[in-house]
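Here's a quick walk through a few spots worth a look. Have the sequence and the 3D view open as you read.

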Amino acid sequence: MVVRQQRCGVGALAVCALAVAGVMTVATGCSGDGDGGGSDGEGAGERAVTREGGAGSPADVVRRAADGLVRAGSAETRTSMETAAGGTRVTIRGEGAYDFRGQLGRIKVVLPKDAAGADEHRPITELLAPGALYMKNRGAGVPDDKWVRIDTTALEDGNLVTGGVTDPTAAAELLRGAADVTYVGRTELAGVRVRHYRGTADIGRAARAASRDSRGALTAAAKGFSTDTVPFDAYLDDEGLLRKVRHRFTFATEGPAVAVVSTTLLYGFGAPVSVELPPDADLYTGRVQQGRSGPEAP
């Protein structure tokens with residue numbers, strides 16, 4: 001999937017600046033998640049059955065993943081975003097918790113050393129909400145006690161990669177556009193037996209089928225990417241819960257093409273999640289300076 005995105009808005013992280021500059025990569029997995037992917041002898045045409053009794057083709061099973069997460073309510077999450085360009089690879093990692101019913105999350109994002117020209121970077125706290133991304137410790141020019149708020153529906157990628165973390169709801173909702181899905185086989189993630197599916201997701205189709213609160217960001221992404229299809233690998237347990245999903249994006253820039261792999265790992269379902277969005281008085285409305293932690297605001 002190729003996107004033509006030449007500028008970053010006020011909220012874009014180093015991942016955006018570096019990806020567009022052609023110097024960054026996003027990790028193909030979360031450490032310790034037991035990717036695997038091998039088959040235990042079940043046929044590729046297996047029609048998976050969830051505990052709720054629903055059966056269907058591999059595409060049907062994957063398209064229902066977002067609904068299963070809403071039923072589960074919440075989960076802990078680890079994220080990884082790896083960018084590769086011109087032989088350079090950089091990984092951004094995150095960890096936190098997410099409420100799928102309220103579509104609210106809190107994730108601490110850790111930038112790698114030297115990803116933006118410095119040896120060390122303070123973790124960035126991100127609050128995820130429908131249509132919005134809030135960031136603290138944003139970087140140059142932003143006071144320590146202030147948050148930067150971004151309208152994700154105005155981002156050219158709908159915040160699928162700009163924030164350095166793919167919103168877990170967006171990652172699952174993107175699967176509503178799943179097509180050409182094949183069942184790869186059984187594997188294990190952190191001691192849990194899962195079914196591995198591989199296919200492509202059509203962003204436009206996903207946006208049309210998405211929940212109301214997710215539709216705006218995915219619609220923006222559908223308009224901003226030059227191709228609508230996103231290759232993915234999805235791993236669901238026997239209850240139909242999405243345990244891991246990996247999407248592969250490619251940016252077309254003025255320099256070398258930038259490959260971005262975004263991985264979301266979900267576990268600890270039902271964990272309590274507390275997210276309090278900052279009041280307007282705590283939002284930073286000035287320019288974000290060009291600096292080591294991110295791009296300059298337009």
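## The β5–β6 hairpin

In this predicted model, G131 takes a positive phi near 75 degrees in the hairpin of β5 and β6, where 2 residues sit between the strands. The two strands, with β6 covering residues 132–136, pair in the antiparallel sense over 5 bridges. T125 has K136 as its bridge partner in β6.

On to the other neighbour of β5: strand β4 (residues 104–110) pairs with β5, again in the antiparallel sense, over 5 bridges. There, K108 has T125 as its bridge partner.

## A strand covered on both faces

Why is β5 described as largely enclosed by the rest of the structure? Because 6 of the 6 residues in this strand (residues 124–129) are buried.

In a regular strand, side chains alternate between the two faces of the sheet. Here I124, E126 and L128 lie on one side, with T125, L127 and A129 on the other, and all are buried.

## F232 and the cores

Now look at strand β10 (residues 229–237), which holds F232. F232 has a relative accessible area of 1%, so it counts as buried. Its C-alpha atom is separated by 5.9 Å from that of R198, 34 residues apart along the chain. Beyond its sequence neighbours, F232 is in contact with residues including V62, L175, Y197, R198 and H247.

The largest nonpolar core has 52 residues, and L175, F232 and L242 touch the most other members. L175 itself touches F232 and L242, among others including V62, A65 and V245. A second, separate core of 7 residues includes A129, A132, V275 and L283.

Definitions and conventions. Residues numbered from 1 in each chain as written. Predicted model: local features only at pLDDT ≥ 70, side-chain atom pairs only at ≥ 80, totals over all residues. Heavy atoms only, no water. Helix = DSSP H or I, 4+ residues; strand = E, 2+ residues; numbered from the N terminus. Buried < 20%, exposed > 50% of the residue type's maximum accessible area, 1.4 Å probe, protein only. Contact = heavy atoms within 4.5 Å. Core = buried A, V, L, I, M, F, W, Y, C linked by side-chain atoms within 4.5 Å. Pairing = 2+ DSSP bridges. Lists of a residue's contacts leave out its neighbours within four places in sequence.
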